[in-house]
Every structure is written in C-alpha cells, then in structure tokens.
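Welcome to this short briefing on salt bridges and helix packing. Please have a look at the sequence and the model below, and then read on.

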Amino acid sequence: MYRTPKMLRCLRLWKRTPTRMGFEPTRAEHNGLAVHRLNHSATSSCSTLCMPLRFSSSVSNLRLKMVDSQYYLPNDIGVSALDCTEAFRLLSNKEKMYSHYLSRAAWHGGLAVLLQTSPESAKIFVLLQKIFRKQTPAHLEQVATAAGLSPEEYQAFLVYAAGLYANMGNYKSFGDTKFIPNLPKDKLKALVKASQAFQDQPAEMEDLWDSCSCLLFSLEDRQKQLGLGDKGITTYFSGNCSLEDAELAQRFLDSKKLSAYNTRLFKREKDGKACYEVRLASAVQKDCAEEGECETSCGSFNFEDKEFTVKRGDYAPLMEKVSFYLQKAQAYAANENQRKMLEEYARSFTLGSVDAHKEGSRYWIKDKGPIVESYIGFIESYRDPFGSRGEFEGFIAVVNKAMSERFAKLVSSAEVLLPELPWPKEFEKDTFLKPDFTSLDVLTFAGSGIPAGINIPNYDDIRQSEGFKNVSLGNVLSVAYATQKEKLTFLQEGDKDLFIKWKGPSFEVQVGLHELLGHGSGKLLVQDDEGKFNFDKSKVTNPETGEPVTSWYRGSETWDSKFSTIASSYEECRAECVGLYLCLIKKVLSIFGNEGQDAEDVVYINWLSMVRAGLLGLEFYTPESKSWRQAHMQARFVILRVLLEAGEGLVGLEELTGPDGKPDAQITLDRSKIHTVGKDAIHRFLCKLQVLKATADVEGGRALYEGYSTVNEGGPHNFMRLRETVLLRKEDRKMFVQANTNINGDSVELKEYEGSAAGLICSFTERFQDDAEKLEADLLALCKKDFPCWC
C-alpha cells in the first residue's frame, strides 16, 4: 500500500506485502528537550556517522544530538482528527450497526499488533490504559505538576502515550525505529507513582512498571529498530532465530502448502537438536480437527532432519473477540456476499485458517460498490524481517461518491492504459479483471498506521486469476498533505508555492495509478503442481536478453516466499514507477480534471515529489546494519538513484549551507526533460523490474534492487553525509485521532475527539472501557506466556 537500550539482563531479543501506499511524514520542529536527555541511552548510533570536515564543531555537535533525537517524538508533532461525521450521518441505521460491529472486531484484533511489535509494547499499553482510565489527561496534569514535572515534560509524556497508541507499540510504524519518552525516567516514575491508578493498586502497578520501565527507555543498538538476529528486535520469531531458521521454516511451510501470514516461529533445543513451533493465530487452542474441518494442519512433522510442530492458539483471546464481533455484524450485512465474507473471516480467526480468509476475500471481491467497505486480517508483511508474516489490521470506511467517480473512469480506461507499460504483452495478465476502485472516508483503521491507498487482497493466486480491489482513503489524504511553506525542506524557493498548490492533486493521480495499474498490473509466470504452465514456454522470451525464459514460479511458490526480504520494497518501487510513467499520458491527467498548464504542473510536482521523497528516505536507512527500515522510502530512494543516473541534467542534488548556518541540501528537476530523459530512464528500469519479478529471477532481482539501494560515501553524491543532513532537518509523521461508535438503544452514536495528543489518548481509553480489565489481563497473560521466548 501507499498505507513501518538497555534491556533486562536476562533478555536476548533478537520488516514487511506490497500493497500499501505510505505517505511522507509532515515536519515538526524539535522541541529542544531531546538534546538534553541523552543520559537515557548508554549508546548512540550517531557516534559512527561520517562528519564532513567543512562544518564547524558546533554544527557537528548539534548534528550528533539531533541524530539521537530521532528516538523521541517532538512535543509539537502534528496530530489531526480524521473527520467522518458527514459520511457516518448519511448511513442508514442498519449500515451504522454493521460499521459498529466491524469496528469492534478491528479494534480488538488490532491489539495483536502490540504483541507483534516488541516484548514490552503490550505492557506499556496496559500501564497507560490503567493510568488514563482513572484520570483523563487534563486531570492528570495537576498530579504531574505536584510530582515535579514541568509543562514541557508532561506534554512529552502525553505525546509518548499518543505515539504508542497511534503506532500500536513503541516502534514507529513508518520506519520501524524505536521511540522513548522525552523526559527523565525518574520524572516518569514519579508521575506513575502519583497517579490514582497506582494509589488504588500499588502492588500491581509497581510490578507493571518494573516489568517494562527498563525497556521503555532503553536504546541499546539492537533495540533501536526492528529486525532479525543482531539487526534488531522482532516478535515474529523467538529470540534465538536467525535468517537461516526463517528460510528453513519457509521451506517447511511451502512443503505443507501453509501460508506464513498468520504465523509466528519459535525455536527451542531438545536433546541438542533444534525444534520449531509454528504458531497459528486462532481463538481455538486445540490442535485436533474442529467441526467443519476435514482435517487439521496441526501436528508434528520431520522436515530436513528437524522437528516442526504446528500449533493453534496465538493471540487466542483477541481472536475470540474478533470472531464474536464479526458474527454480530453478519445480522446487518447488506447482501449475501457480505454475510458469507464475514462467516469465512470468523472461521479464519477461530481456526487459524488462511484458506478460510482467502475464501472470505473472494466474497469480498464480489461485493461490488458497497456503501460501507471493510477488510480485516493479517494483511501486510512490511514488518516481518523475512517478509512473509502479516501484521493484523482492519479498516471500516464509507464511500465518497464524488471522488469515486474519477477512480471509476480510471478503471474503465485501464485496458487502454496497460499496453502503454514498457513490457511485452506476454508479461501482462491475460485478462484485466476490472476491480472496484473507490474513495473512502475512514471510520476505523486499526493497526500500526494508516495508509493513503490500498490494493488488496495480497494473495497472488486470487489477484492473478480472480481480481482485487483498490481504495483511496480520502479523509486521510486531506489532512496528511497539508503543508506549510516554511516547513518545506530541500526545494528551491521558486518550487515551494507550486509544490503546495499541486502536491494534493498530484498525489491523488499517483495513488490512483500506483494502486490500480501499479500493483494491479503484471503477470507472474507459473508452473502449477500438475506441471501446467500459464504461459507458452516455447514462445515467451526475456526482452532483456532475447533468450527464452529459463525461470518461473513452481507449485506453491509465491512472490513473497521467493523474494522474501526485498519483495515488499521492490513491488512498491515497481508501482511507484508505473505511477510516474503513466502520469505522462494526457488522458490520465484529464480523468482527474487536469488540463493544459495545470496538467503539466501536476506532472512536474509528481516527479519532483518523488525525487524529494527519495532524499527524505535516507532517514529510514540504518548504516550500522546497512539495512532499510521502510519499504516505500527505500523504493523512492532507488528511483532517485535511477533518475540521477540518467544524467543530462534531469535531476540535480547539491549540498549547501542553509540560511540558519546548518548543513542543508537542494534537489532540482528539469521539467523540460521529464518527457524525454526521465521517461526513457523509468521505461528501462520498470521493464527490468517486471521481467525479473515475472520470471522469479531472485538472483537478478536482488542484484538490481540492492545495487540501487546502496547508500555510500563515494561517487558524485555522498549519501551518508546527506543522510545526516536529512536527520538534522527530518520531518515527523502526523498522528491521527479516530472516532468511536457506541450503541445507544436502537441507534449508533459517533463520538469524535479533538486533534491533539490528549484527544488521541482519550479515544483509546474510551474505546475499550466496556471490557478493559479483562482485555488488559489477557494482554499481560499473553506477554507472560511468551516471555521465555525472548530470553
């Protein structure tokens, strides 16, 4: 989608499918506290950064401090409320009931993300919920003052709490970087102890604080970001798992025709031999066949001389809640497709069956043009370090009819536009299955973050032969891209006004093309289990070599399982390139109401936005592990490299000193060369991306993509030094406050909250008030159960 310390001594804790269009963070100035709080971290990644000698020592010191501040959320971070009042008002009472129960399912399932993010996230969530259930942010402020916190420190606490709720964990959903409270640990401890929750239950609150406070503030190197092995933290795998274990487990899953989407992997030693537990997310905890099942996928198996056990019951109490609310929603379904969809989803979360979820997705695709749109499950694999396991998310949204008409016109034009793409017809789907493409106003989006657009389902077999849906999230777009001129970085002054005027319209075009004709295009060459090919092996040639194709997908192999760690970012890059390439066509621009000079300005700003985003993407690169933490931003950096390589003055990138005396940079784009030099460069690169993907050429795909992803110090551009400049002037992503729904008699009421950290906190506290204590106990029990897995 166009939707990312010092640890307790006993702990040894050891990213990512490509259908979400993420948006760039919006800029907020640092509040200054971070540069004074470096005592929280025993180590700092900035000590290894390359500092250009031409900058003064004072600037270098500032740069070091600001690099460290990437692990804090600034006090003035943008917080916006997602407005869905009018969209919800226009729903019938039946549609409101349907929306309400789907929202309850999504919010409860979304709590699983806490357990999918880090060992401590769920504990911190419970700590905050207990505090704010007893005292609102406004009431707690007086307690904070009495406990010795300054107004700035209390605001820093509220921002941290809001950040944990918005990201469903203590790692940023966009970038996978850890964030910690921007106030001294002893001040936060004093506030916790002075809270009413602590006064009421001192022993329980003391234990809760002791169990998470160390990791809450810790910034040891491995804990600064998500990753596998020594590259970061993950709870998709037990702490003793390595990349080799992940690869072995994938081969096992493939052999059993099991999807990894709803699994986690736990490794243990038995009699000196490695044994693996594949745990399925399900409400049912018994491993025998249940009613309605012909057979169970659970059991013990020997594979490559290793013991594998497949078990049910991961996140069981949460999956039980999800299934319960989905069943309640069935009574308000608008048609038989919706009813069967929900039935299969509930079966999926009850039994841990991805096949049931796929069946539900088939009914979802058939449900054309619903007033209330939704999707729920273990969907995106961005944050699994191996790229196969899905993070839970669920959304419920209402159709924006006016904007949807434009996307419908784009869908109608798809069969004319697809042949314009730069690969031979043999590498395109045999038939374009026209999908729904709607603009939606989000009512609920539960998970670690909210994208701007979505193309789902992610199941390759369904997408290739049965279809998919596209959605653009209109009320997210309307607030995510509000930009102030003085906060625009790395652009010429002459470009800034144009950028502000056309950023929204250009991104609207890019989202449409990215989702529909980016993710929706391209064929995978496949030989099924019976030996049947979906292409003519004797006639299809590789356009890059002129030779017959020699590789393809076999049996149960998928794009994700083959390309694993690079699959997500690679596909986002392919979709972004499709957007850049097809936005040059006048008919496309006309569909979105852009003609003449306006159309040319939209093209210019779309391309300029992309190369600027490539530069901003350096924030999400980790030099120590030479890894990228965000799929979309890696993709945009790769495109920047491709366009810089095209030469002929198409893109300029210059380091300079800003008016404030600090290191700065400026990126320029020659608009007169977009249709020539730029188009030719994207044409060549996009064709390579598709052919390598279609033919399952993992070795060639990795060489190409990882080559352009390299962040180096040599050559015409010192990207390592530019990364430091980006960090100095980095932007912080907005957080969104979402409404709640409540049943009052026979009707459903919508409760909205102010766009502030306090409003975001209140929305979460009230979201789970009916079953708060049981949910909190369940989360802590799940944490306790898995604790040995991280030791």
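Does Lys224 count as buried or exposed? Lys224 counts as buried, because its relative accessibility is 3%; buried means under 20% relative accessible area, exposed over 50%, and partly exposed in between (1.4 Å probe, protein chains only). Please keep in mind that this is a predicted model, where local features need pLDDT of at least 70, side-chain atom pairs count only at pLDDT 80 or more, and totals for chains, interfaces and linings use all residues. Residues are numbered from 1 along each chain as its sequence is written, and side-chain values use heavy atoms, with hydrogens and water left out.

**Salt bridges**

- The count comes to 48 salt bridges, each being a side-chain nitrogen of Lys or Arg within 4 Å of a carboxyl oxygen of Asp or Glu.
- Lys224 pairs with Asp221, with 3.4 Å between the closest N and O atoms; Asp221 is partly exposed at 45% relative accessibility.
- Lys358 and Asp461 form a salt bridge whose closest N and O atoms are 2.7 Å apart. Lys358 sits in helix 14 (residues 354-366) and Asp461 in helix 16 (residues 460-465), so this pair ties together parts that are 103 residues apart in sequence. Helices here are DSSP runs (H or I, at least four residues), numbered from the N terminus.
- Lys358 is buried at 15% relative accessibility, whereas Asp461 is partly exposed at 37%.
- Glu571 bridges to Arg574, the closest N and O atoms lying 2.8 Å apart. About one helical turn separates the two, because they are 3 residues apart in helix 19 (residues 559-582). Both Glu571 and Arg574 are buried.

**A loop residue**

- Glu220 belongs to the loop between helix 10 (202-217) and helix 11 (243-255), and is partly exposed at 27% relative accessibility.
- The C-alpha atoms of Glu220 and Gly232 are 9.9 Å apart, with the two residues 12 apart along the chain.

**Helix 19 against helix 22**

- Helix 19 packs on helix 22 (residues 631-646) at an angle of about 55°, their axes 8 Å apart; axes are lines fitted to C-alpha atoms, for helices over the stretch in contact, and angles run from 0 to 180 degrees between N-to-C directions.
- Residues in contact (heavy atoms within 4.5 Å) include Ser568 and Leu580 in helix 19, and Ala631 and Ile639 in helix 22.
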